[in-house]
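Subject: Structure handover

Hello,

Here is the structure we talked about. Please open it and keep it beside you while you read. My notes follow below.

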Protein chains: 2
Amino acid sequence: MGLFSVAERDTRLSPRRRSAYGAGERIYHAGSDGLAWRLHCGVVRLDTAEPAGSARFASLAIAGDILGCETMLFGNYAFTATALTNCDLRPWPEGEGVSVGDSLLSSLAKAQNRAADIVALRGGQAADRVLGLIKLLTDGADRVVLPTRQDIADITDLRFETISRIIKSLERTRALLPIKIEGVHATRSYAVNFAAL
Amino acid sequence: MGLFSVAERDTRLSPRRRSAYGAGERIYHAGSDGLAWRLHCGVVRLDTAEPAGSARFASLAIAGDILGCETMLFGNYAFTATALTNCDLRPWPEGEGVSVGDSLLSSLAKAQNRAADIVALRGGQAADRVLGLIKLLTDGADRVVLPTRQDIADITDLRFETISRIIKSLERTRALLPIKIEGVHATRSYAVNFAAL
DNA sequence: CGCATTTTTGATACACGTCAATCTCCGTGG
DNA sequence: CCACGGAGATTGACGTGTATCAAAAATGCG
């Protein structure tokens with residue numbers, strides 16, 4: 001799974017209360033306590049804490065989403081959060097500006113939409129699910145850093161072999177163009193070209 | 001689908017601002033405006049409004065959940081709501097009692113947990129998904145009224161034929177016992193006996 | 001450079017989808 | 001009261017998309 005293979009890191013809290021995580025790093029663990037966060041950039045995977053210690057994919061957070069707000073109510077996190085790409089988090093609520101009520105309300109609305117997106121990633125043909133996830137992660141930009149094949153598999157409820165085949169075929173149709181660094185292909189970075197489909 | 005086969009009904013608003021819907025009835029339509037509601041009992045299906053007018057399953061609301069809170073922010077509903085069983089709704093927020101902030105916060109937390117439940121219903125073996133949904137709908141009681149086979153299929157991303165086979169096999173193992181009314185079996189009402197599994 | 005991890009690829013199996021016929025339950029109208 | 005028709009449910013036969021198992025290749029890291 002690779003989910004538990006990365007050690008806890010120093011939190012590197014800058015004066016502006018901002019914290020950064022690299023791909024694969026654990027952000028917080030279900031049951032522990034801490035702050036609520038807004039995800040400013042990156043992609044985070046949320047897993048339910050199963051009795052047997054085995055994590056099960058529950059949800060995804062992308063830029064703009066609120067993470068771990070339940071800690072404000074219950075004093076601990078309901079899910080385990082793991083960075084799937086490099087992430088930048090800041091404590092929430094931000095304090096100044098919009099009223100807390102409006103902020104909560106729009107978070108609730110956004111959470112519902114995000115949930116609907118994720119449900120859609122688990123229905124239909126395999127290729128469409130993977131493409132749907134890639135589009136969600138790309139979010140209008142022209143390049144993406146994808147999670148590992150195994151993480152994509154967990155999110156879409158497919159097997160990593162299937163993900164590998166689908167991504168390879170997207171490369172062959174030039175919908176995904178590997179970004180090479182000094183001639184070597186970093187297997188997660190792609191320029192996207194959905195027009196090729 | 002049966003989703004569009006039932007006419008809009010009179011809203012039957014009692015003096016206490018409570019409204020009831022029968023199985024299959026449309027509660028509100030994506031894009032229209034109205035109140036936010038708390039679902040006091042029953043099960044509601046939420047669908048995204050697709051361009052082509054075709055609905056796609058997005059989420060499920062069960063007793064205690066908040067429905068359509070986005071209308072307070074944007075002035076219209078993001079999803080289309082349909083009663084899957086008999087439902088009882090009341091306007092939200094209730095006004096008295098807990099502060100609006102806490103109520104919103106706990107709704108947000110609850111929405112996240114519900115979303116995780118639904119994601120789980122779309123992964124793994126077909127029989128486990130159907131069983132998971134039935135358990136969610138039963139919620140500790142000893143009997144359930146199930147949605148139609150087609151609705152169960154939409155929720156679990158399976159086909160109604162598959163659902164029919166699975167439910168029949170649950171009947172054969174006596175995990176589900178049809179409740180007969182005057183000798184006739186209403187194909188949606190069951191006494192549950194999960195110990196039989 | 002060497003080893004662990006991730007990814008790719010192939011061969012084969014099976015769970016579920018698809019298509020089609022039939023059945024039950026109900027409401028409607030003659 | 002019974003004929004009719006429609007919606008939902010059941011069942012069977014068959015096809016296929018994805019899982020599974022296995023092995024090799026590519027990548028990344030100490």
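Predicted model: local features only at pLDDT ≥ 70, side-chain atom pairs only at ≥ 80, totals over all residues.

R165(A) does something else. An N or O atom of the R165(A) side chain is 3.1 Å from a base oxygen of DNA strand D.

Around DNA strand D there are 22 residues. A126(A), T162(A), R149(B), S164(B) and R165(B) come nearest. Of the atoms of DNA strand D within 4 Å of the protein, 70% are sugar and phosphate.

Which elements supply that surface? At least two residues each come from α5 (160-172) and β11 (184-192) of chain A, and likewise from α5 (160-172) and β11 (184-192) of chain B. The largest share is that of α5(B), with five residues. By class, the surface near DNA strand D holds nine charged, eight polar and five nonpolar residues.

Now DNA strand C. It has 19 residues around it. Those that come nearest are R149(A), S164(A), R165(A), A126(B) and T162(B). Sugar or phosphate accounts for 66% of the atoms of DNA strand C within 4 Å of the protein, and bases for the rest.

- R149(A): an N or O atom of the side chain is 2.9 Å from a phosphate oxygen of DNA strand C.
- S164(A): a polar side-chain atom sits 2.6 Å from a phosphate oxygen of DNA strand C.
- R188(A): a polar side-chain atom is 3.1 Å from a phosphate oxygen of DNA strand C.

Two or more residues of the surface near DNA strand C come from each of α5 and β11 of chain A and α5 of chain B. The top contributor is α5(A), which gives six residues. The classes near DNA strand C are 10 charged, five polar and four nonpolar residues.

Next, the two protein chains. How is chain A related to chain B? A rotation of 180° superposes chain A on chain B, with 0.0 Å of shift along the axis and an RMSD of 0.0 Å. That is what a two-fold axis does. The interface fits with this. Of the interface residues of chain A, 97% are interface residues in chain B too, so the copies meet through the same surface.

Helix α3 comes next, starting with chain A. α3(A) covers residues 126-138, which is 13 residues. From first C-alpha to last, α3(A) reaches 18 Å, close to the 18 Å expected at 1.5 Å a residue. Its buried residues are R129(A), V130(A), L131(A), L133(A), I134(A), L136(A), L137(A) and T138(A). Just after α3(A) comes D139(A), with a positive phi of about 55°.

In chain B, α3 also runs over residues 126-138. α3(B) has 13 residues and an 18 Å reach from first C-alpha to last, close to the 18 Å expected at 1.5 Å a residue. Buried in α3(B) are R129(B), V130(B), L131(B), L133(B), I134(B), L136(B), L137(B) and T138(B). D139(B) follows α3(B), and its phi is positive, near 55°.

Last, two glutamates in loops of chain A.

E25(A) is in the loop between β1 (19-21) and β2 (26-28). Is E25(A) buried or exposed? E25(A) is buried, because its relative accessible area is 9% and buried means under 20%. A polar atom of the E25(A) side chain lies 2.2 Å from the backbone nitrogen of G22(A).

E70(A) is in the loop between β6 (66-67) and α1 (71-74). The relative accessible area of E70(A) is 3%, so E70(A) is buried. Which residues does E70(A) touch, leaving out those up to four places away in sequence? In chain A they are G75(A), N76(A), Y77(A), A78(A) and F79(A). From chain B come A109(B) and Q112(B). R90(A) is 20 residues from E70(A) in sequence, and the two are 16 Å apart, C-alpha to C-alpha.

Best wishes

How values were computed: Residues numbered from 1 in each chain as written. Chains lettered and ligands numbered in written order. Heavy atoms only, no water. Helix = DSSP H or I, 4+ residues; strand = E, 2+ residues; numbered from the N terminus. Buried < 20%, exposed > 50% of the residue type's maximum accessible area, 1.4 Å probe, protein only. Polar contact = N/O pair within 3.5 Å; in protein donor to acceptor, adjacent residues only side chain to side chain. Near = heavy atom within 4 Å. Nonpolar A, V, L, I, M, F, W, Y, C, P; charged D, E, K, R; others polar. Least-squares fit on C-alpha atoms with pLDDT ≥ 70 in both. Contact = heavy atoms within 4.5 Å. Expected span 1.5 Å × (residues − 1).
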